[in-house]
Amino acid sequence: MMTKRIIAAVLTAALLSSCGTATQTAEEPKRVIFFLGDGMGMTTMTAARIYAVGEDGDLTMDTLPETAFVKTFSNDAQVTDSAPSMSAYMTGVKMNNEVLSMSSDTIAKDPVADANGNKLANACGSSNGQPVQTLLEIAKGKGLSTGVVTTTRVTHATPAATYAHICHRDLENDIAAALVPGGAGFNAALGANGIDVVLGGGRQFFLPVSAGGKRADGRDLIAELKAKSYAYAANAGEFNAIDPAKTDRLVGLFTSSHMSYDLDRDASKEPSLAEMTTKAMDILNKNDKGYFLMVEGGRIDHALHETTAKKALQDTVAFDNAIKAALDKARASDPTLKNTLIVVTADHDHTLVLNGYAKRTGKTAAGSPGVLGVLKSYVDGSVAKDLDGAPYTIIGFGNGENRTQSSRSAMASLDDSTAGADTYHQEAVVRMAAGSETHGGTDVFLGAIGKGADSFLGTIDNTQVFTLVRNATGL
């Protein structure tokens, strides 16, 4: 027969056990960092690896343990633009080119002229499709903090797909208004307080024309955001002065349009993508429920459109540096990433190719252009020549602005110093207008690490990524 002392001990042990179980089963934080290299096709990744660390080196994204190939076609096109591709990741829905986070039946309608003559006025129509919920909105609805970080305008297609619903990506005044809590055009799905951290370029769409912006409605959205208790940074100095421990909401708009290419960036004026990413994490991580953060290396795409490969590769490296910085910071608070999922992918590729049978170049360095140089034979190191007797570069493009219209014999003097210059436009097969090299339709890379990352494998459609992220993290 049990004594009262034994019974009391048993009851106490049971109570302690139940308390321990309750503690162990309490909801864990959900942290998702979604990295998007805009236009970062696999040939661009390969070229960036060689550029930065040589053929046998690894970028951080190369070390992610789980990988997949992603199909990128849109609802109406074999080759997507950024709007429907990022929207597919964020919503799980295929939509038409130019459309942002709307139903598949939404028709993209070009903006029309506003009162100032800028093509920024909305012509979508009142019954043109329906909004579809994004991962960021789902996270907000569950009490998580949210952030958007980009090197483009924060109203550009990729960041906009996380928080805006509109028939055409070029309606950037409307997209900016979606960010301002309580204001006309605010996206109520972002909750009463809106997105917690927004960092990038695009100040012109937040200011009226009278203040140097492009808003025809006269609103100063920066002032409105400040009135809603957002800290604001307009340059690197103000950004560096922000104390994450004392800041709950932050907007940083560092340039009127896109931020600078990393190759041209003045660190005293514009923070790096890695710096923006880690500061966003510090602010968002104060929420015990977790956060959803989207980080875009957006200017990779713009440099590829220009066919200035060196700029594209350097921006890819800057994007990779942000991934490394995020991994290091995430592991500081979650060493095994048991509550953190990091996904790295691209929205589409471009027409960049690696030509010929080049000998190994190693990484690019002073006096050695590496993969940016003219092609030299792996057999004897001699400069390779085409049928016109002219050298050609390792990197080329399927289409672009620099196409020799007749015999390439006029290119006989092409050398490494020319090809390795910061602003050199690589040659293309098909001639296009300046800056108009196109996207490509090839599958893109996806890498993942952390909570539920092992579900990302095989060849998947971009719409499946939405479901995989939700299932992996319980969003």
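How much accessible surface does the chain have, and what share of it belongs to carbon and sulfur atoms? The accessible surface comes to about 19,100 Å², and carbon and sulfur atoms account for 52% of that area. Please bear in mind throughout that this is a predicted model.

**The whole chain**

Colouring by secondary structure will show 13 helices and 17 strands. Of the 475 residues, 55% are buried. Among contacts between residues at least 6 apart in sequence, 70% join residues at least 24 apart.

**The largest nonpolar core**

Next, select Phe 35, Tyr 163 and Phe 206. These are the residues with the most contacts inside the largest nonpolar core, a set of 121 residues.

Centre the view on Phe 35 and display its surroundings. Leaving aside residues up to four places away in sequence, Phe 35 touches Phe 319, Ala 322, Ile 323 and Ala 326, among others. The contacts of Phe 35 also include Ile 342, Val 343, Val 344 and Thr 345. Thr 277 and Val 295 complete the list.

Another core lies apart from the largest one. It has six residues, and Ala 390, Met 411, Leu 414 and Ala 419 are among them.

**A lysine in helix 11**

Return to helix 11 and select Lys 311, which lies in this helix. Is Lys 311 buried or exposed? Its relative accessibility is 10%, so Lys 311 counts as buried, the limit for that class being under 20%. Show the residues around Lys 311, again without those up to four places away in sequence: Lys 311 touches Asp 264, Glu 306 and Asp 422, among others.

**A nonpolar patch on the surface**

Finally, turn to the surface and select Tyr 357, Tyr 378 and Val 379. These residues form a nonpolar patch there, with about 440 Å² of accessible area together. Where is Tyr 357 placed? Tyr 357 is in the loop between strand 12 (352-354) and strand 13 (395-400). Tyr 357 counts as exposed because its relative accessibility is 69%, and exposed residues are those over 50%.

Key: Residues numbered from 1 in each chain as written. Predicted model: local features only at pLDDT ≥ 70, side-chain atom pairs only at ≥ 80, totals over all residues. Heavy atoms only, no water. Core = buried A, V, L, I, M, F, W, Y, C linked by side-chain atoms within 4.5 Å. Buried < 20%, exposed > 50% of the residue type's maximum accessible area, 1.4 Å probe, protein only. Contact = heavy atoms within 4.5 Å. Patch = residues over 30% accessible without salt bridge, like charges linked within 9 Å, V, L, I, M, F, W, Y side chains within 5 Å. Areas by Shrake-Rupley, 256 points an atom, 1.4 Å probe, with all protein chains shown as cover. Salt bridge = Lys/Arg side-chain N within 4 Å of Asp/Glu carboxyl O. Helix = DSSP H or I, 4+ residues; strand = E, 2+ residues; numbered from the N terminus.
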